[in-house]
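User: Please take a close look at one strand pairing in this model. Then follow on to what else can be said of its sheets and its pocket.

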Amino acid sequence: MEPSPIKRLQPPSPSSHPVDLGLRTEAAILAQLVQRGYQVLIPFGTNQRYDLVLDLNGEFVRAQCKKGRLRDGVVRFPARSTRSNSRGTYFRSYAGQIEIFLVHCPDTNQIYAVPVDEVPATDGWLRVDPTRNGQQERIRWARDYELPG
């Protein structure tokens, strides 16, 4: 008799589809928020510009979840949405539609909370490593945006 597949559960190969990547990012962020004691609201449906809402003592903060990638000492994340169809590719800013980006970076094992008005309209950058030229001013340091709690 062959063993039940449940007893010998094998890990699946994770999908690389952008929707699946986004769902895994949201799940990682949601898990950390709940573990740290945040009150989190999840919108019904998929047509909102925000992924989560934080209830901070009665003040609602709309959040867009993004995956950050560490490249050359900087966590980079997209600060706009991208949609494609047969007529082209369209980009859309989140300005005025969210208050904060929640960025999960597996490479640093951190979640960063970055206000939307502190991020350029296209991409966000959070520096982890010192600059090669020693610059200190006008640097958006990742440590300053680590999720509290």
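Analyst: Phe101 has Val114 of β9 as its bridge partner. The model is predicted, so to speak of local features a pLDDT of at least 70 is needed, side-chain atom pairs count only at pLDDT 80 or more, and totals for chains, interfaces and linings use all residues. Residues are numbered from 1 along each chain as its sequence is written, and side-chain values use heavy atoms, with hydrogens and water left out.

β8 (residues 100-105) and β9 (residues 110-115) run antiparallel, joined by six bridges. Strands here are DSSP runs (E, at least two residues; helices are H or I, at least four), numbered from the N terminus. Two strands pair if DSSP finds at least two bridges between them. Four residues lie between the strands of this hairpin, and Asn109 takes a positive phi near 55°.

A separate topic is the open sheet of three strands. Its order is β4-β5-β10, with antiparallel pairing. β4 (69-71) and β10 (123-127) each have a single partner strand, so one side of each lacks a neighbour in the sheet. Three bridges join β4 to β5 (residues 74-78). Leu70 has Val75 in β5 as its bridge partner.

Now the pocket lining. α1 (18-35) gives the largest share of the lining of the largest pocket, seven residues. β3 (59-67), β6 (80-85) and β7 (88-93) each supply at least two.
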